[in-house]
Amino acid sequence: MIFDQFHAALNVPVPSGAFDRLRAALVEAEPRPRRRRWLTPRLQRAAQLVLAILVLLALAAAIIGTLVAGHRPPIPPHGGPVTIPTRMVSPTTGWAEVALSEIWRTTDAGANWTEVDPPSLPDRRPQFWGPSEDAAFFLDARHAWVVETGMNGPGASGLYVSVFATDDGGRHWGKGQPITLDSPSGMSPVLYFIDARHGWLLMSDTNQDDIEGSPILYATSDGGLNWRLISTRSAPLHAWCGPASIMFATVDLGWLVPGCGESNPVLLVTRDGGVTWRAQRPQPTATPDGVFDAPVFFSPTDGMVFFHTLQLLLLVTSDGGLTWSPRSLPVINPMSVSFADATRGWAIGTHVRKSLPDSVNPPADESLYHTDDGGLSWAVVPTDLRQWTQDYFVDAVDFVDQKNGFASASDPPGQKLLWLKTSDGGRTWAVVRTT
Amino acid sequence: MGQMLFDRSESELIGLARKGDGAAFAELIRPHYAAAFRMAYGMLHDSQEAEDAVQDAAFTAWKKLGNLHAESPMRPWFLAILANRCRYVSKTGSRSVVSAEIREVQAPAIDIAAGLDLRRALGRLGHDERLVLVLRYYLDMPYEEIAGTLGVTPKAARTRVERAVHRLRPILQVREALI
């Protein structure tokens, strides 16, 4: 059934001549074959100059129109390629890991981006290293880390892992001592830091003969320059299938989500900084199987975790994860939920697709919801968000504090992206960036 | 006359490609092109963007052909590079100005909605989750080959697919209940 669904939804033939165009490009060693050339270089330069003049005139007209008529200003032009950040850490600053070795940063809420990855970070991975979306970690506006994996690097023979660290927003990077590894496969490094000095590097030692694999956990207390091995094979093996994610609430209290399937899902918890781990089942006893996201902690005691089962469940704790309680969500399966702290959160429902007939649209809930009691109750937020997203789906909302938040939206074919910002808790929004 | 390229072994083609022979590298890619295009389309949902992504990935792979280890299969290595390229495209919104092929306009409204629902659901997932689903259920890849593309064990590949399916399930169940 699911195979059929995927084939029906995605099935499209290879365009006629596509491989021949690729072959021609490779033979000519050009990025794109020239199909037809009707503009001479001189005419091309003239056309570019005319286009530039027209763009300037259009901008000038927009600005004058704004001053005269008092209309909402046009969507500003953008710089840098990134539209959707990996993580916003403040109302203005955010980071993006665009490819496995490209780190970008914004200081104007995503309108413009600057590439800040370590200059010496190689743009390659050995074949047998699993790429990981957690191989970079962004703590705040200044501190970030990114993992390098390689072979026979400076100071390391064989396979190694090094961590690059910055404390000035990516202007300068320091490289930590390399960690040499024995296993040739499946390392999938995952990083997590709780402050500028204390962090953890988790890898899964899954060589070809050891199907179960085992966790390897390193810790640092100097910001990533030096790492010490603190745990191997100590996680309950029945719960270990490679890491999905790891997080720490304090230097002692941490959580690990095993990468197992949905059967008998658990969280692994440590209360000694990662030396020993035990399995915990926060979900209610009668809950069907599902998968956990990584917990989020706002203090040593207050945290929450989402559990994906037949519907999305929210579980909260106020005693450092000793006990967990379910909380309600405003809709069964919201498109996105974001908490700025332990009490203030937002959720957005499913939007109506105006391009489809009413008869095939599911029951829609276009509302933006807000809670200020940790999910005990939710209320609709009067918002103008739909003014900007009429032909788009809102994919996610992300609030960095009680007033400032962001939303990302895309059109049905997934071609156009919107990045929006609010500074009044979601009541009014403005487009920061579009493609 | 020299031996035709299609008569040469893969190792011979790799040798030629490393010396700068673009035609030889194209022959290395040829048997994998259809799968690569389908994977890129599954990730980007646009034919033009998929073709561009495959082309860009091919040039990247050609430059990095030295990283392909001896005796290692070509396809998972190339698809891993393509996956990285697709991730870059989807993250930056670097889209072609050419309009997407809306092939589903001739299909019944329910099929249009179902297809859009699945694509929307895929869009909610992270890149890695979306990738394993496309590899498994659109390219019909066995777990062993998915593992080679991701650089993990077959068991880890299977569990990643299971987790990603579970993320999709609530949305697909809502859709099925309404039809």
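Two strands pair if DSSP finds at least two bridges between them. Helices (H or I, at least four residues) and strands (E, at least two) are DSSP runs, numbered from the N terminus. This is a predicted model: local features need pLDDT of at least 70, side-chain atom pairs count only at pLDDT 80 or more, and totals for chains, interfaces and linings use all residues. Residues are numbered from 1 along each chain as its sequence is written, chains are lettered from A and ligands numbered from 1 in the order in which they are written, and side-chain values use heavy atoms, with hydrogens and water left out.

**Strands of chain A**

Chain A holds 4 helices and 30 strands. Its strand 2 (residues 94-97) has two antiparallel pairings, tabulated here.

A hairpin of 5 residues links strand 1 to strand 2. In a regular strand the side chains alternate between the two faces of the sheet. In strand 2, A:G94 and A:A96 point one way, while A:W95 and A:E97 point the other way. All of these residues are buried (under 20% relative accessible area with a 1.4 Å probe, protein chains only; exposed is over 50%, partly exposed in between).

**Chain A as a whole**

Chain A has 435 residues, and 53% of them count as buried. Its accessible surface is about 19,600 Å² (Shrake-Rupley method, 1.4 Å probe). Carbon and sulfur atoms own 55% of that surface. Contact means heavy atoms within 4.5 Å. Among contacts in chain A with a separation of 6 or more, 44% join residues 24 or more positions apart.

**Helix 3 of chain B**

Helix 3 of chain B covers residues 33-44. Its expected span is 1.5 Å times one less than its number of residues. The 12 residues should therefore span 16 Å, and the end C-alpha atoms are 16 Å apart, which agrees. Of the 12 residues, 10 are buried. Among them are B:Y33, B:F37, B:Y41 and B:L44. B:H45 follows the helix, with a positive phi near 60°.

**Confidence**

The model scores ipTM 0.80 and pTM 0.73. pLDDT is the predictor's confidence in each residue, from 0 to 100. Chain B has a mean pLDDT of 75, and 74% of its residues reach 70 or more. Over residues 95-110 of chain B, pLDDT stays under 50, and the model has 28 contacts beyond four places in sequence for this stretch. Residues 174-179 of chain B are also below 50, with 12 contacts beyond near neighbours in sequence.
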